[in-house]
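Please keep the structure in view while reading.

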Amino acid sequence: MDALNPTGLTSSLGSVLMLRSSRASRKNGRGSSIAPSNRLSVAIESAGLSFHWVELRDKTVENNRRTEKDSLHKSDRQVKSVRSAVELLSARQGVGDRIAIIAEKGAADAAVLGSRAFSQVRSFVFLSGRLSSTAKQFLTEWQDDPVLCIASSEDKASLRDMTDIYLSSNHPDTDLHVFEGMGRGERMIEKWAFRFPDREPIEQLIAGWIRRQLSSVGREREVSFTTEDGWEIFGNLLFPDTDVWPSPGAVLLHSGRSDRYVFASLERLLVREGFAVLNIDWRGRGKSTSKGKYFDLSKEERANGRLDAKAAIDFLTSQDGVDRDRVGVVGVVHGAEHAVRGSIGDSRVKALALLTGYIPVDDKERDYLTSGAVHTLYVTCTGHKQVTQIMRALYEATPDKLTRLLMYDGGAIGYQLFELDPKLEPLVVEWLKAGVAQ
């Protein structure tokens, strides 16, 4: 792999990594790689993004004979090159937390396979992209990241792959553009500009789309803070890119058998809607293991996860740009317990979304939830009869008009409900917006 090649200044908005298929025609007389289309790099940087590129090397096989083993080795090399490039870019302060990848032709396959482990990668643009069945399956499952697919109608192979991606994606921002007679890969950019100088350039289409995607995911960094009983708690802190300040806050509390990454999609949806988000690993889970792992802790120590919720609310509301009087908390199973017990009597908390498994432990909790002092969204499944009965009773005893009860059939629990109903996460976000606004 070549070194990561920047073409301009860095930007706090995010960065774009261009992955190019190696071709002999792209070498100058001294054997060095020629930089990508100047039109593309200028458009990306004019959109407030930093631009970097990598040439994916394709070493020829003697006598031009390729075996299946040769192709696998080629793919492995390119995937490792992509992984290294994303790792390097992710480590760069100010540009590494929001990355979009542009890939042409066969580099699209390596782009997906090499970046799938990186949450910093937020979107893809494929120019005449060619994708294996494995890469297509990953993109189908990886619904958090939108894809802009661009192909020319005469390039049947890439058009088929781009259409497959477009049709299989549930992301509202995934899009497909089909041109006629424009060739393949990044050369389409120059060809379009020559033939249609008065129409929107392809590079402007790409730059504008990427800017919208990276702007919508906000700014993210990992943080840590200490609870009153000495636990070091780690989490993701995200801020929206918005001119409306201060932003309402949202604290996310996972279940006892998961960690903060179950909320990877929800945290992004909240940021898009203007929330500042703190998504934590509470004590004993994920990275927050300074005093032990969850299943090695005593029952009393586990129950003190309420202190993690309390410290999270304090930490989030201490940040510049966060409205300390408008906070919502989402809790799943034991995370729901921590959400309630960590916010009792805290006037900053305006809304609680509690997903399955929560049962109040005493009258203090019942009185808090039914007082109307906090808006509450209860989400449960009919298969959990006791939980459903108690949540229904809490809902019916609450005079607050925003308090709501959702019931699903079956026995799904916690974050499984997000998989059961793709509309639930957006619903939670919209409900929280209404809840913290009151």
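## Paired strands

Val327 stands opposite Val349 in β13, and this pair belongs to an arrangement in which six bridges join strand β12 (residues 322–332) to β13, the two running parallel. Two strands are taken to pair if DSSP finds at least two bridges between them, while helices (H or I, at least four residues) and strands (E, at least two) are DSSP runs numbered from the N terminus. Strand β13 (residues 349–355) has six of its seven residues buried, so it is largely enclosed by the rest of the structure; here buried means under 20% relative accessible area, exposed over 50%, and partly exposed in between, with a 1.4 Å probe and protein chains only.

An antiparallel pairing is found between strand β8 (residues 219–226) and strand β9 (residues 232–239), which are joined by eight bridges. Within this pairing, Ser224 has Phe234 of β9 as its bridge partner. The two strands form a hairpin with five residues between them, and Gly230 in the turn has a positive phi of about 95°.

## Basis of the model and overall content

The model is predicted, so local features need pLDDT of at least 70 and side-chain atom pairs count only at pLDDT 80 or more, whereas totals for chains, interfaces and linings use all residues. Residues are numbered from 1 along each chain as its sequence is written, and side-chain values use heavy atoms, with hydrogens and water left out.

The chain has 15 helices and 15 strands, and buried residues make up 53% of its 438 residues. Of the contacts (heavy atoms within 4.5 Å) with a separation of 6 or more, 69% are accounted for by residues 24 or more positions apart.

Helix α10 (residues 305–317) has 13 residues, which at 1.5 Å a residue should span 18 Å, and its end C-alpha atoms are 19 Å apart, which agrees; the expected span is 1.5 Å times one less than the number of residues. Ten of the 13 residues of α10 are buried, so the helix is largely enclosed by the rest of the structure. Among these buried residues are Leu307, Ala311, Ile313, Phe315 and Leu316, and also Asp308 and Thr317.

A nonpolar core is a set of buried Ala, Val, Leu, Ile, Met, Phe, Trp, Tyr and Cys residues joined through side-chain atoms within 4.5 Å. The largest one has 38 residues, and those with the most contacts inside it are Leu278, Val329, Leu352, Leu354 and Leu369. The largest share of this core, six residues, comes from α10. A second, separate core of 33 residues includes Leu19, Leu113, Val147 and Cys149.

Ser158 lies in helix α5 (residues 156–168) and is buried, with a relative accessible area of 0%. Its side chain makes a polar contact with the side chain of Asp155 at 2.5 Å, where a polar contact is a pair of N or O atoms within 3.5 Å; within protein, one must be able to donate a hydrogen and the other to accept it, and residues adjacent in sequence count only if both atoms are side-chain atoms. Not counting residues up to four places away in sequence, Ser158 touches Ser128, Gly129, Arg130 and Ala151.

Glu180, by comparison, is in the loop between β7 (175–179) and α6 (187–195) and is exposed, with a relative accessible area of 64%. The C-alpha atoms of Glu180 and Ala151 are separated by 8.5 Å, although these residues are 29 residues apart along the chain.

## Cysteines and backbone angles

A search of the whole structure finds zero disulfides, a disulfide being a pair of cysteine sulfur atoms within 2.5 Å. Cys149 is buried at a relative accessible area of 0%, and Cys381 likewise counts as buried at 0%.

Lys105, in the loop between β4 (99–104) and α3 (107–115), has a positive phi near 50° without being a glycine, and at 9% relative accessibility Lys105 counts as buried. Thr356, in the loop between β13 and α12 (363–370), has a positive phi of about 45° although it is not a glycine, and Thr356 counts as buried at 1%.
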